Amino acid sequence: MSSKPTAVRHDWIRSSHFHDLQETDVLNEIGRRIKKTQETAHPLVLLDLDSTLYEVEPRTHQILLEWIDSPQSTSFPIARDKVAKITRDHLGYSLKDTFSRLGLDLSFQEFSAAWENAKAFWQERFFNSDYLKHDIAYEGAAEFVNDIYKLGCEIVYLTGRDEPGMGRGTRQNLLRDGFPWEKPKTHLLLKPTFEMDDLLHKKSAENYIRKHGTLVASFENEPLNLVSLSEIFPEAMHIFVDTICSDRPAPVAQGLYRIKGYIRP
Ligand SMILES: [Mg+2]
């Protein structure tokens, strides 16, 4: 990892340099580079899943609805009433973000205890195949991945989801949502265990990636993962999918791309 200054979320976006291109231009450029790479090598594109191809807020929404109906939440009537009025706009990256958007100040013991309780409830469910059915593919995401797949590149889904807890639901969703899957040149790299660090998992995919092709582009919503991949593969395009991300600091970076979605007019 570089020794560059680090920043978090909006500060990271503000401090980093992104090419001044619209979504359509970024996505078209990837197609152009895939074709160009094919002249001498075998192109490959890396795609994260959560908050990159898939909107995961509906998964959290469902879990919170179950929490307010559960015996666990009865000790926290004020928080429960607030959570009962939740809308999609309240849902952030973490439950802490979501509670904050609901106006539940965690410096108050009652609300921090409610948050701890809801978080434990959420953690038991969020990383579970049974709840992945609530995820929604971002508009245009499957069409885009199919388009580049048809150009002949390898598609590698590189995700922090773990095989034991989330493998089954992940595969079901890829098929359900029409992403290239169960076809030649499609790969899914899940963590072997829940406990493994996401960043370590992503960095350790380097040899697998090099063995299967030449990386043309990577897509990530998590700044630290994206910057780390850009340092390993400086010749590729690295696309920050600006949806929601954690508050983990990331080195300020240069020469990245940024999109908010996959809709192309
Ligand atoms: Mg992600």
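Predicted model: local features only at pLDDT ≥ 70, side-chain atom pairs only at ≥ 80, totals over all residues.
Started with the sheet: I found an open one of six strands, ordered E6-E5-E2-E7-E8-E10, with parallel pairing. Strands here are DSSP runs of E with at least two residues, helices are H or I runs of at least four, and both are numbered from the N terminus. Two strands pair if DSSP finds at least two bridges between them. At the edges I noted E6 (186–191) and E10 (257–259), each pairing on one side only. The twist averages 20° from one strand to the next.

Residues are numbered from 1 along each chain as its sequence is written.

E8 (residues 237–241) pairs with E10 in the parallel sense over three bridges. Valine 241 has isoleucine 259 of E10 as its bridge partner. Helix H2 (residues 23–38) packs on the sheet, and I see it touching E2 (43–47), E7 (214–220), E8 and E10. Its direction makes about 160° with that of E7 (axes are lines fitted to C-alpha atoms, for helices over the stretch in contact; angles run from 0 to 180 degrees between N-to-C directions).

Then the domains, with bounds from an automatic or database assignment: domain 1 is 6–55 + 136–259 and domain 2 is 57–133. I get 13 residues of domain 1 in contact with 10 of domain 2 (contact: C-beta atoms, placed from the backbone, within 7 Å). Helix H8 (residues 163–176) gives the largest share of domain 1's touching side, six residues.

Methods
Contact = placed C-beta atoms within 7 Å.
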